[in-house]
Amino acid sequence: MAVGKYRKTQVIRTELLTPNFKRVVLGGADLERFPSGYESGYVKLLFTKQGKALREEEAFEQLAKKNIMLRTYTVRAFDKSSAELTIDFALHTSKGGLSPASDWASKAALGDEIIIGGPGETKLADPNAAWYIFAGDMTALPAISCNLEQLAPTAQGYAIIEVTSEEDIHPLKKPDNMEIIWRVNTTSGKNSSLLAAIKSIDWLPEKPYVWCACEFETMRDIRRFLKREKQLEKHDMYISSYWKYGQTEDQHKIEKRVDAELEG
């Protein structure tokens, strides 16, 4: 494959980290030219519109038919020496074809092939911030983990993470003064407690850098609070929606674009 930034990969290892969180490690000759340093960035997983992982032998035929959809996932790790790319998946029940990547990951086994695109830009917090707030649901957990691992040892603040069940809580590598606050939400993205948790922490006198990614409506509520009540500016935060309840990634992209234009 290796056409432009598209690469053929194969599953070489999987691990169920928690009941709703699965690690898939991809390998293959095409990844030998994958660049280093993109942890917290993203790749695109290619599927047909019927939800089938795109394979090399059918790629050009499906592209010609425009029978392609892409799903975006965080680069959790990449080992250049072994050409191994790690992607962590939040597993959830598919409804109406909304979750082809989660469905694929839940069944992924040794030798399964998938074409990926990318990588895209990294999403890292300001390394010079006085303190930090990270907030997100399980879709953001890989990127939050990458951020925590790259902070200075002296970094301080909070990481607030919403998971599907108590069993999804697991240890994270972090600086000693970063406190992890876990919140359990069994409602598939509804009734998020992220904003309440952000309001409840002890805010230091200096402005924090806030890194937040979650469901679309939850993101907007958090952004409104940060801008209006905490007077944070655009450069004080990275805040994004990774998905919207009841919508496909393509539908969510449209709403996200409109929201960005309105927000300025």
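Tutor: In this predicted model, Cys-212 counts as buried, because its relative accessibility is 0%. Cys-214 is buried as well, with a relative accessible area of 1%. The cysteine sulfur nearest to that of Cys-212 belongs to Cys-214, at 4.0 Å, and Cys-212 is in no disulfide. Likewise, Cys-214 is in no disulfide, its nearest cysteine sulfur being that of Cys-212, 4.0 Å away.

The next topic is the nonpolar interior. In soluble globular proteins, nonpolar side chains tend to be buried together. The largest nonpolar core here has 25 residues, and those touching the most other members are Tyr-132, Phe-134, Ile-144, Leu-148, Ile-161 and Trp-211. Two or more residues are given to this core by each of β8 (132–136), α3 (141–150), β9 (156–163), β10 (177–184) and β11 (209–215). Of these elements, α3 contributes the most, with 4 residues.

Once its neighbours within four places in sequence are set aside, its contacts are Gly-136, Leu-141, Ile-144, Leu-172, Ile-180, Ile-181, Trp-182 and Arg-183.

Elsewhere there is an open sheet of 7 strands, in the order β4-β3-β7-β1-β2-β6-β5 and with antiparallel pairing. At its edges are β4 (69–74) and β5 (77–79), each of which pairs on one side only. From one strand to the next, the twist averages 35°. Within the sheet, β1 (residues 6–18) and β2 (residues 21–27) run antiparallel and are joined by 7 bridges; Glu-15 stands opposite Arg-23 in β2. Helix α6 (residues 249–263) lies across β3 (42–47) and β4, at about 75° to β4.

Helix α1 (residues 56–64) also meets a strand. Its buried residues are Glu-58, Ala-59 and Gln-62. These three cover an arc of only 130° around the axis, and therefore sit on the same side of α1. The buried residues of α1 pack against β7 (113–120), whereas the face turned away from them carries the exposed residues Glu-57, Phe-60 and Ala-64. After α1 comes Lys-66, with a positive phi near 60°.

Finally, consider the loop between α5 (216–229) and β12 (237–243), where Lys-230 is found. Lys-230 is partly exposed, with a relative accessible area of 31%. Beyond its neighbours within four places in sequence, Lys-230 is in contact with Trp-203 and Phe-225.

How values were computed. Residues numbered from 1 in each chain as written. Predicted model: local features only at pLDDT ≥ 70, side-chain atom pairs only at ≥ 80, totals over all residues. Heavy atoms only, no water. Disulfide = S-S within 2.5 Å. Buried < 20%, exposed > 50% of the residue type's maximum accessible area, 1.4 Å probe, protein only. Core = buried A, V, L, I, M, F, W, Y, C linked by side-chain atoms within 4.5 Å. Contact = heavy atoms within 4.5 Å. Pairing = 2+ DSSP bridges. Axes fitted to C-alpha atoms, helices over the stretch in contact; angles between N-to-C directions. Arc of directions from axis to C-beta.
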